[in-house]
Every structure is written in structure tokens, then in C-alpha cells.
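The entries below follow the order in which I checked things.

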Amino acid sequence: MEITGAVALVTGANRGLGRRFAAELLERGAAKVYAAARNPGSIDLPGVVPLRLDVTDPESIREAAKIAGDVTLLVNNAGSSTGASLLGGSLEDIKLEMDTHYFGTLAVTREFAPILERNGGGAVLNVLSVLSWFTAPHVAAYSAAKAAAWSLTNALRLELAPQKTQVTALHVGYMDTDMAKHVDGPKIDPAVVAGLALDGVEQGRPEVLADDLSKNVRAGLSGDLSGLYPALA
């Protein structure tokens, strides 16, 4: 898909990776970029069209679709990170992770799929994570939701193919954003991640692995489970 001239919508575009996506799309010559957030007043990037969209609110999604009927590229980026474990974490937090990453991504894509079809097919980019494939107690709820979103993305790729809508999955480890500010260790620049992901969209790639961590964990899925979880050895 050609980014130049495209009309894009980025969810969770008020900060972090979403804001970098919106900026990179403008740099690449997108004709219009809808920067969506629960509070459109928090959008401070010049050149974008602020749009109210809460991925956990069906009415909000429907209203956004009425406004953004010219979209040709949908970037499902909105996320949450509660830090909830599965046994000790709040069920409300666990549900929020699923409502955001799985049901939210599904709801937005279902609403915009007919719009993409009317506009020639276009593309969907789903922001996933290396934690789609690996988990630990302090990220268990997040990982479960991202794993579900990975399966969702694979299924949507098949279902949207007949209408010529390509679907790209982005997997990445820790980025230098507010969501990972508590993490010690290497973090990749979200601007670099946005660029790699949009390169993948333009090249029609089904999957983008943005860092070595994602590549290594992805490769490890075919090995013994103790390779990813040494404590099980």
C-alpha cells in the first residue's frame, strides 16, 4: 500500500507510539491523518485531524466512523498496561486489557472494514507485542490480551483478503514511552518502530518484527518451552 496520498486513522494517537505514527504518516505524505484519542483535546500534533474515539465504547467507534468515512489505512494502536497478574490481579484490570487490545481492536476493525472496502481495500496495521508470544506474572493480563490480538490479526488477515484489505502485525519489545518508563534496560525509539511498521505496510508484509528481542522470541516458539521459560527446565 502506498502511504503517500493515503487517509489514515491512528487510535491512541495522543502520545507514545501512536503520536509517532501520526507524525511519520504526515512526513510520508499522507493526505489526511485522523489522530484519535478518548480526549481529542490531548492531541497536540500540528497537521492532524483530532478525533474522539474510545476503543472500548461502541457508540464512540460508530460516531468516529461517520466522520472518518474516507479512511484507507487503519492503525490499531490504542493500548493499556495495568500490570495485573492472573491470580492476584484485579478482574477489572484483566478485563480492561482484553476490552482494549482484543475486543477494542476487533470492534474498530469491524466498523471500518466496510469503509476500507468502499475506498479500494487499503490496509490495517495492528500494534501487537513480543508479549504476544511470551509472558510473566507481572504482565500476564497484558500478554494474554496481546496473544488474543495476535490470533485475531491472523484471522482478520484471512477474512479481509477477499476485499483486498491487507493486514500487517507489528511486534516489538520495550519502547521508550510512558508505558515502559518503569522498565530498566534497552528500549527502542518509538519513532524508529513507527518507520519500520509503515515500511512493512508499504511493502505488503503480513508481519513486522521491529527488534532483535521480537525476532528471537518468535524463532523460539518452535523450540522446547524451556527455551523461553528456563525455570521450567
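Helices (H or I, at least four residues) and strands (E, at least two) are DSSP runs, numbered from the N terminus. This is a predicted model, where local features need pLDDT of at least 70, side-chain atom pairs count only at pLDDT 80 or more, and totals for chains, interfaces and linings use all residues. Residues are numbered from 1 along each chain as its sequence is written, and side-chain values use heavy atoms, with hydrogens and water left out.

Entry: the sheet. I found an open sheet of 7 strands with parallel pairing, in the order E3-E2-E1-E4-E5-E6-E7. Its edge strands are E3 (49-52) and E7, each of which pairs on one side only. On average, neighbouring strands are turned by 20° against each other, direction ignored. For such angles, axes are lines fitted to C-alpha atoms, for helices over the stretch in contact, and angles run from 0 to 180 degrees between N-to-C directions.

Entry: E6 and its neighbours. I looked at E5 (residues 123-127) and found that it pairs with E6 in the parallel sense over 5 bridges. Val127 stands opposite Leu170 of E6. On to E7 (residues 207-209): E6 is joined to it by 3 bridges, again in parallel, and His171 faces Leu209 there. Why did I note E6 as largely enclosed? I noted it because 5 of its 6 residues are buried (under 20% relative accessible area, with exposed over 50% and partly exposed in between; 1.4 Å probe, protein chains only).

Entry: the crossover. E5, H4 and E6 make a right-handed β-α-β unit. Right-handed here means that, with the strands pointing away from the viewer, the path from the first strand over the helix to the second runs clockwise.

Entry: I checked Lys164, which lies between helix H4 (140-160) and strand E6 (166-171). Its phi is near 65°, a positive value in a residue other than glycine. Most residues other than glycine have a negative phi. Lys164 counts as exposed because its relative accessibility is 67%.

Entry: E1 and E4. I found 3 bridges between E1 (residues 7-10) and E4 (residues 73-76), which run parallel. Ala8 has Leu73 as its bridge partner in E4.

Entry: helices on the sheet. Contact means heavy atoms within 4.5 Å. H3 (residues 91-118) lies across E1, E4 and E5, running at about 180° to E4. H5 (residues 190-202) lies across E4, E5, E6 and E7, at about 155° to E6.

Terms used
Pairing = 2+ DSSP bridges.
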